Structure formats: C-alpha cells, structure tokens
Amino acid sequence: RAPAGRPAARVGAGGGLEESMATPANASAPVGTAAWFNAIVWPQLFGDDGASVPDDTWRCGTSDGATAFECDDDDNVRRIRASAKGLAGTLPHALLAQMPELVDVDVSDNALTGPLLHPSLAGAAIKRLRAINTTLSGSLDELATLLPHVERVAVSGTKLTGTLPASLARLTQLQLLSVSATRLSGRIPFEWLPTSLNVLYLFNGKFHDGGIRGFTGSIGTELGRLTALTNLHLFKNTLTGTLPTEIGLLHGLDVLSISTNVLEGTLPSELFTLSLLTGLHVHENRFSGTFPTAIGRLTNLVQLNFETNRFTGTLPTQLALLTQLQSLVGKNNNFTGRTPLLPSHEGLQKCQFVRDFSRVEYHADYTCTDAERAHNELRCEIHCRPVPPPAAPAPSGGAARVSAASGVGVP
C-alpha cells in the first residue's frame, strides 16, 4: 500500500516499482500543506527511481528534526528537512514558489541534479536555502532577484560556476553565505558583499583532475565594511597580497581562517586587537617577519596555527598567556632559539613546533620533571600537558620498564 499522498506503485516487469497513472489521492489538498507536498512535489524531488516512497517521517512535526516537515497550525509546511533522504530528481522551483509559508529548505546530501536557481522560483518566501553536497548547478547571478529576502545560503559542494555577482549587494538580510568547494572563481568582491553578513565561507581546493579552482586576487581594504562578521573562512584559494589593516575593524570576529593561500608580508598589529578570536588559522602562506608578541592579547584563542610560513626570530614568550589553547601548531618556519614554556593544562591536545636550529618537527605530549628534562631535553622542552599520574608499582619481583619515547616509568 502506498503512503498517503503518494501515487500507488506497482511492480514492473523488471521487478522494480513503477508509478501507476492513478491521480494522487491528495492532489486536491490545499497548496503548501504536507499532503499537497507529498502528492505533487515529492515525486519530482525523487526523480525516476520509484523504488522508494515517502516514509513516515514525511509528515508535519516539531522542531526536533524527527520529521521531514515543520508546519504551522494549518498544516502549511514552513520547513523542509530533506537532508540525506535519497532524493535524485530536480528542484521543483515553481512548486516551491507556490508554498506561501515555506521559509526554510534543506536538501543537502542528495543526488539532486539540474539548476539550483530558476526563474520560476520568483516570489518564493524562502529565507534559508541549504543544498550542500549535491550536483545542482548554475550560477548565483539571479539569487538577489529570485530570493530578495534570503538570510542564509549554504550551497557548498555543488557544481555552481561563474563569479560572485555584484547583485549580492541587494541581499540586505543575508547573514550566512557558504559557497565553498564549487566551481566559482574570480576575485572576492568585498566592496559589494552585504554588510549584514555574519558568516562567510569561500574556501575551495582542487578539482579531481588536478585543475585549480577557487578565488584569486587580494583581500581588499573593503573587508573592513563587513563589521558584522563572526566567522571568516577564505582558506584553500589563491589569494595574494597582504592581510589589510582593516581586519582590525571586525571586532566581533570569532574565527579567522585564511590558510593555504599565497598571502605575504607581516601580520598587521590590528589583527591582535580582535579579543574575541577563538580560532586563528594563517598557516601555509608566505607570512614573514617575527611572530608578534601581541599574540598574548588574544587570550580567548582555542586554536592557533601558523605553520609553514616564513616567520623568523624567536617565538614570543607571550604564548604562555594563551591559557585556553587546545591546539597550537607552528612547525615549518625559520624560528631560532628555544621554544618558550607554554601553559600546562588538560585542554592543550596538540602542540607542534620546530625547536632551536635543528628545524625538526617537535611534538610534546606531557610535562617533564627536572630530572627527565636533563636526560632528554629535546623531548621535554615544551610544557603541553599536566604531569601524568604516577606510575603504578612494578609487579613483585620485577622492575618497571621505561618508555623509550618519554623516559617515564610504565608498569
């Protein structure tokens, strides 16, 4: 028996399910309701494979995510939560535009094909669109025209092409834009990105065939317009030039990730005024000069990575002020001298440095006693974790063996 609102299915000659030509039982349900969706919209979303039909989750429910729909009191669908539902058709743009209460659509992690946007989507009430990891294609050129009130657009991992259009400036309510791992390219137009943005994901990488994709050009001074940003992710592109001093205008920034680019010069002092930063990722660039002592001002940092750059001189002792750190990576630079002592606390899980003039990748996993430091100074230079609990007494008649890596007794 087919679920309510779904055309009856029959077994075809090849053993698979085929759609019957019967009129869907709920085709006359009010437009925009769950019953209407299952009768009219769902078949197009699923595509040609009739082997699956809506299960019991394709009904109205609450905000706990247990059902595919969140509805209002009149059964009008407000949210479609169809992530990883096995959808393999195309987006029914015209039908979605007919749903007056629909504000949130999530069709991520499905095999949907065809265009992400289409002129028939005009007039849709959608404010949040999420289609991550699909094969939807096209460009963003008509986004502002079709969805002028959209607040969140997450379409990473799609086949979008083209550039970031100037029309994005019209999206005055846009808070999140995530278009990473697509085929979009060109420069990042900071001068016309909406100032309402809180979160911006524009990282990329390489095609499976080895071709380069991603954004190019410099990080313009216009970045300073985006003062509402809390998360800025621009890694794995081919960005060049320096990090502008206007970065210091983003006072609410929580995470900055500009790694794996071709950025150079010194880190501007304005960067170290961003006291709310919990994540700072500048690795795999060409930054140079001494590593700023002002790093000690960023006392909320949880993750800090500046490996594989061209920093010189000694590491600042102010790193010891970063008592919230859980990950600290600074290998593959040109530092000299000894690494400073770091705060010893349970949270610091990862600590990698180059020590002295040896240019050897340095890993420290525990705090050493004075005697152990004298015995194995290279291993015990950095304090990364609390002293391990005392070794258990050796079994009667035997002696505790010593770990070759640490010099700490192991029962």
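## Two paired strands

Strand 12 (residues 183–187) and strand 14 (residues 214–218) run parallel to each other and pair over three bridges, where strands are DSSP runs of E with at least two residues, helices are DSSP runs of H or I with at least four residues, and both are numbered from the N terminus. Two strands are said to pair if DSSP finds at least two bridges between them. Within this pairing, Arg187 has Thr216 of strand 14 as its bridge partner.

The model is predicted, with local features requiring pLDDT of at least 70 and side-chain atom pairs counted only at pLDDT 80 or more, while totals for chains, interfaces and linings use all residues. Residues are numbered from 1 along each chain as its sequence is written, and side-chain values use heavy atoms, with hydrogens and water left out.

In the protein chain, the secondary structure comes to four helices and 28 strands.

Of the 411 residues of the protein chain, 45% count as buried, that is, under 20% relative accessible area, against over 50% for exposed and in between for partly exposed, with a 1.4 Å probe and protein chains only.

## An aromatic cluster beside the sheet pairings

Strand 20 and strand 22 pair in the parallel sense over three bridges, and in strand 22 the bridge partner of Gly289 is Phe311. Strand 22 also pairs with strand 24 in the parallel sense, over two bridges, and there Gly313 has Phe335 of strand 24 as its bridge partner.

Phe311 and Phe335 belong to one aromatic cluster together with Phe291 and Phe306. The whole structure holds eight aromatic pairs, where rings of Phe, Tyr and Trp (its six-membered ring) pair if their centres lie within 6.5 Å, and planes under 30 degrees apart count as stacked, over 60 as edge-to-face and the rest as tilted. Phe291 and Phe311 form an edge-to-face pair, at 5.2 Å centre to centre and 85° between the planes. Phe291 lies in the loop between strand 20 (286–290) and strand 21 (303–305), and Phe311 in strand 22 (residues 310–313), so the pair ties together parts that are 20 residues apart in sequence. Both Phe291 and Phe311 are buried.

## The nonpolar core

The largest nonpolar core has 92 residues, and those with the most contacts inside it are Leu116, Leu271, Leu280, Ile295 and Leu304; such a core is a set of buried Ala, Val, Leu, Ile, Met, Phe, Trp, Tyr and Cys residues joined through side-chain atoms within 4.5 Å. Helix 1 (34–46) supplies the largest share of this core, seven residues.

Leaving aside residues up to four places away in sequence, Leu116 touches residues including Leu91, His93, Leu129 and Leu160, a contact being heavy atoms within 4.5 Å.

On a 1 Å grid over the protein atoms alone, a cavity is a set of points where a 1.4 Å probe fits but cannot get out, a pocket is an open set with protein on both sides within 12 Å along at least five of seven lines, and lining residues have an atom within 4 Å of a point. Grid points are joined across faces, edges and corners, and a volume is the space filled by probe spheres set on the points.

The largest pocket has a volume of about 230 Å³, and of its 14 lining residues the closest to its centre are Arg128, Leu129, Arg130, Arg152 and Ala154.
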